[in-house]
Amino acid sequence: MVPHLVTALKGPLLDLEKKILDATPAIERWFRLEWQEHTPPFYCSVDLRNAGFKLAPVDTNLFPGGFNNLAPEVLPLAVQAAMAAIEKICPDAKNLLLIPERHTRNTFYLQNLARLSTIMRHAGLHVRLGSLSDDITEPTTIELPDGQHVVIEPLERTPRRLGLKNFDPCSILLNNDLSAGIPPILEGLHEQYLLPPLHAGWAVRRKSQHFAAYDDIVKKFAKMIDVDQWMLNPYFAKCEGIDFDERVGEEKLADTVDAVLKKINKKYREYGITEKPFVVIKADAGTYGMGVMMVHDAAEIKNLNRRERTKMSVVKEGLEVHDVIVQEGVYTFERINEAVAEPVVYMIDRYVVGGFYRVHTGRGTDENLNAPGMHFVPLAFEHTALPDVHAKPGAAPPNRFYMYGVVARLALLAASLELERTDPDPETY
């Protein structure tokens, strides 16, 4: 299913599509050269927003948990990409330990683990699941609605290695974003490959660092294809020392919101865009759509009610929020059956392997769709990933999907740069 754009593709984005399509050989060569200098994360997903006048990433997840939402037809792409990744890291790899999130009773998440395990098995690995949860004290089988099952086992740690009973892996794949901190059981594993590295987790990672790296990447890219980088890049600013419960830092946050809104307003006037600018305030660390708020006017900050302040004050694992980023809000003007939709692109190593639309019938074009009530529609990457340079701009779904893949790979490249900059042991890169 290909969503329709509510607004006709025109003006800036139409020009951007044409320039990207015309520059396809140069773009692919540019990525190829960049990957000689940088190491991609093992896997990654990127949330995009298509406003009809702007296409930009708004979130990059280094522990993607939605592989079950990919179309079955893309599995061969995912397996090939996983093979390429494993060959680079450990060509003779035999056993892979997959470490999931602690909330292992979420059916959708468990289906993600099953799909991820299938991909890795087809890539030539024996896969078993080991949990960080203290509740898992023996092998636990959980049945899934589709007839599959997963077995989750307690971890066993020796002084230098981590594994399971009678299972010694050479590689450990984290599907746990470490929001609760880095468990001691994962530290000091110098004999095994830990994918992604510990500093990719939210115990260390910050969204402001990612988007700073994205700034640097997109400047180079935009210069190469001769476009305004704003077309691909949301403005953002970091604001520290906030306490929503105690109303500390409200004025500073309002000033930051006002400054970002003014920058967006200037661009909207430049391109004749009549939509009302807005910003998204997000916890600088964390995921699952928590600690997120949309604001259209700085005055709204001082008028937050108790419920709104409480919602912003804590995120996953009950962590308090004191640092936020104020990010330019990007409208989404894509629809599936009149419901608002946004594309999410999945990558393994440096390859796009598929994606889906996050769809929400109860949310608007300027709201967060990563919320209860959302559902997913697979993207048809397997049929339409190759652009059609002869098609009329704006008319061909393959061209839109190719653009999504290009922008998602820019975010992936930014993630690799971000991990280099935050690596406590730079010699690993």
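Reader: How many disulfides does the structure hold, and what counts as one?

Author: The structure holds zero disulfides, a disulfide being a pair of cysteine sulfur atoms within 2.5 Å. This is a predicted model, in which local features need pLDDT of at least 70 and side-chain atom pairs count only at pLDDT 80 or more, while totals for chains, interfaces and linings use all residues. Residues are numbered from 1 along each chain as its sequence is written, and side-chain values use heavy atoms, with hydrogens and water left out.

Reader: What makes C170 buried or exposed?

Author: The relative accessible area of C170 is 18%. Buried means under 20%, exposed over 50% and partly exposed in between (1.4 Å probe, protein chains only), so C170 is buried. C44, at 0%, is therefore buried as well.

Reader: Why is Q111 called buried?

Author: Q111 has a relative accessible area of 19%, which is under 20%, so the term applies. Q111 is in helix α4 (residues 107-122); helices are DSSP runs of H or I with at least four residues, strands are runs of E with at least two, and both are numbered from the N terminus. Q111 touches N68, L144, P145 and D146, leaving out residues up to four places away in sequence; contact means heavy atoms within 4.5 Å.

Reader: What makes the largest nonpolar core a core, and how many residues has it?

Author: A nonpolar core is a set of buried Ala, Val, Leu, Ile, Met, Phe, Trp, Tyr and Cys residues joined through side-chain atoms within 4.5 Å. The largest such set has 101 residues, and L253, V257 and I281 have the most contacts inside it. Helix α10 (residues 397-422) gives the most to this core, with 15 residues. A second, separate core has 40 residues, including A78 and I136.

Reader: How do you know whether F244 is buried or exposed?

Author: Its relative accessibility is 4%, under the 20% limit, so F244 counts as buried. F244 lies in the loop between β12 (236-239) and α6 (250-271). The residues that F244 touches, beyond four places in sequence, include L253, M293 and S313. F244 and S313 are 69 residues apart along the chain, with their C-alpha atoms 5.5 Å apart.

Reader: How do you describe the packing of α2 and α5?

Author: Two packed helices are described by the angle between their axes and the distance between the axes. For α2 (residues 24-37) and α5 (residues 207-225), the angle is about 145 degrees and the distance 11 Å. Axes are lines fitted to C-alpha atoms over the stretch in contact, and angles run from 0 to 180 degrees between N-to-C directions. The contact is made by A26, I27, W30 and E34 of α2 with I217, K220, F221, M224 and I225 of α5. By class, seven of these residues are nonpolar, none polar and two charged.

Reader: What makes the backbone at L178 and at P196 worth a look?

Author: Most residues other than glycine have a negative phi, and most peptide bonds are trans. L178 has a positive phi, near 60 degrees, and the bond from L195 to P196 is cis, with omega near -15 degrees. L178 is in the loop between β10 (171-174) and β11. At 1% relative accessible area, L178 is under 20% and therefore buried.

Methods:
Nonpolar A, V, L, I, M, F, W, Y, C, P; charged D, E, K, R; others polar.
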